[in-house]
Amino acid sequence: MALQTAPAPERDPSFHGIDPTSARDLERYADPFPSIHHLRRVAPVNETPIGLWRLSSTLICEMLGVPAADRERFTLWTAHATHALAGTMAPPDVQARAQNAAMSLAGYFTDLIEERRKSKTDDLLSELIRAEEEGDRLSHSELVVQSIGLLIAGFETTIGLIGNGVAALARNPREAEKLRARPELVPNAVEECLRYEGPIGMTLRVLHEDASFGGRTIPRDTEVWAILWGANRDPAMFPDPDRFDVERSNAREHLAFGGGAHLCLGAHLARMEGQVAIGALTARTRELALASDEIAWGASLFRVPGALPVTFRPA
Ligand code: HEM
């Protein structure tokens, strides 16, 4: 079960190329709940935060080719850097912190890229470096920006999916019980987690032409924030939208991954990670409950718990 000793699976570094049947491999090499062994010793009550970040951070580091040992260094940088997405809507001190974090990440990747340039492998960073070296496909600064973007996108968000999902299941024990009785519901449960409390609440678009919305005309070139959380709780689309229902028949029609040309590139990977984590959690625990009603949110712009102490009995 230990993360470091299990074998790494064969992998395809392109996000869309992942075979869903390899989910079992993910389970083997990135166990989302390694602390359960410790729990057996301290059961029945555990107040240790579950290692939510372990699965998603291990996977994105593996795929991207970032040493997992550096995680401690960049976890806070990635969280702070997300606030750059809010631009000038963020308070000045938050903007400054985001900028510092982005600079630290840029410095980190500049060093890593120089090192990897000398010995490229089959990881995504090596692929991006090849694209840069071909000259006209990616400039050096685009290479750094894309690397940072992928690390942040693949790191923070999935922690939020799993963390918010764990919280929803802890607060809705009957739904968790359904997953124990019928594990084939897990993929739909992950869609419901994304609909009910996805980690990203909004996304930006610039209008290419005038658009009419709610009886008003919004002129072209306007920047529009689409509120994904609103869409995902729209009662016209999802009856009784505030109910967490792992059997909801159209749960997958949520907009947690955005839509159109910019639909999340990592949706497939995130879904797989969510299924492994939620599946393992429900199978291996009983009487899952939050240790506190208050969730301590993390430092990022996204809706991601900073820690999520829970209590449960090992199955
Ligand atoms: C639960 C996990 C995730 C959620 C909720 C999420 C959500 C989103 C959203 C809302 C967008 C903007 C889409 C739009 O504007 O239409 C986006 C874009 C993106 N995501 Fe994710 N994401 C997740 C995981 C990931 C992962 C694991 C990766 C990569 C490893 C990733 C890579 C990207 C990239 C590269 C884009 C930009 C796509 C583009 O602009 O064309 N995401 N994601």
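View 1. In helix α4 (residues 71-81), the buried residues are F74, W77, T78, A79, H80 and A81, where a residue is buried if 20 or more other C-beta atoms lie within 10 Å of its own, exposed if 12 or fewer, and partly exposed in between, with the C-beta atoms placed from the backbone. Helices (H or I, at least four residues) and strands (E, at least two) are DSSP runs, numbered from the N terminus. These buried residues of α4 pack against α5 (92-118) and α7, and two residues are in contact if their C-beta atoms, placed from the backbone, lie within 7 Å. This is a predicted model, in which local features need pLDDT of at least 70 and side-chain atom pairs count only at pLDDT 80 or more, while totals for chains, interfaces and linings use all residues. Residues are numbered from 1 along each chain as its sequence is written.

**View 2. The crossing of helices α5 and α7.** The axes of α5 and α7 cross at roughly 110 degrees and come within 9 Å; axes are lines fitted to C-alpha atoms, for helices over the stretch in contact, and angles run from 0 to 180 degrees between N-to-C directions. The two helices α5 and α7 are therefore roughly perpendicular to each other, given that angles under 35 degrees count as roughly parallel, over 145 as roughly antiparallel, 65 to 115 as roughly perpendicular and the rest as oblique. On the α5 side the contact is made by A102, L105, A106, F109, T110 and I113, and on the α7 side by L143, V144, S147 and I148. Sorted by class, this contact of α5 with α7 has eight nonpolar, two polar and no charged residues, where Ala, Val, Leu, Ile, Met, Phe, Trp, Tyr, Cys and Pro count as nonpolar, Asp, Glu, Lys and Arg as charged, and the others, Gly among them, as polar.

**View 3. Helix α6 against helix α7.** Helix α6 (residues 124-133) packs with helix α7 (residues 140-171) at an angle of about 160 degrees, and their axes are 9 Å apart. That makes α6 roughly antiparallel to α7. From α6, the residues L124, L125, L128, I129 and E132 meet H140, L143, Q146, S147 and L150 of α7. By class, this contact of α6 with α7 has six nonpolar, three polar and one charged residues.

**View 4. A131 in helix α6.** A131 has its place in helix α6 and is partly exposed, with 15 other C-beta atoms within 10 Å. Not counting residues up to four places away in sequence, A131 touches R137 and L138. The C-alpha atoms of A131 and L143 are separated by 8.6 Å, and these residues are 12 apart along the chain.

**View 5. L64 and the largest nonpolar core.** The largest nonpolar core has 63 residues, and those with the most contacts inside it are L64, L105, L151 and V166; such a core is a set of buried Ala, Val, Leu, Ile, Met, Phe, Trp, Tyr and Cys residues joined through C-beta atoms within 7 Å. The largest share of this core, 15 residues, comes from α7. L64 touches D123, L124, L125, L150 and L151, not counting residues up to four places away in sequence.

**View 6. Two residues with positive phi.** D240, found in the loop between α10 (228-232) and α11 (267-284), has a phi near 50 degrees, a positive value in a residue other than glycine. E287, which lies in strand β5 (residues 285-290), has a positive phi of about 55 degrees although it is not a glycine.
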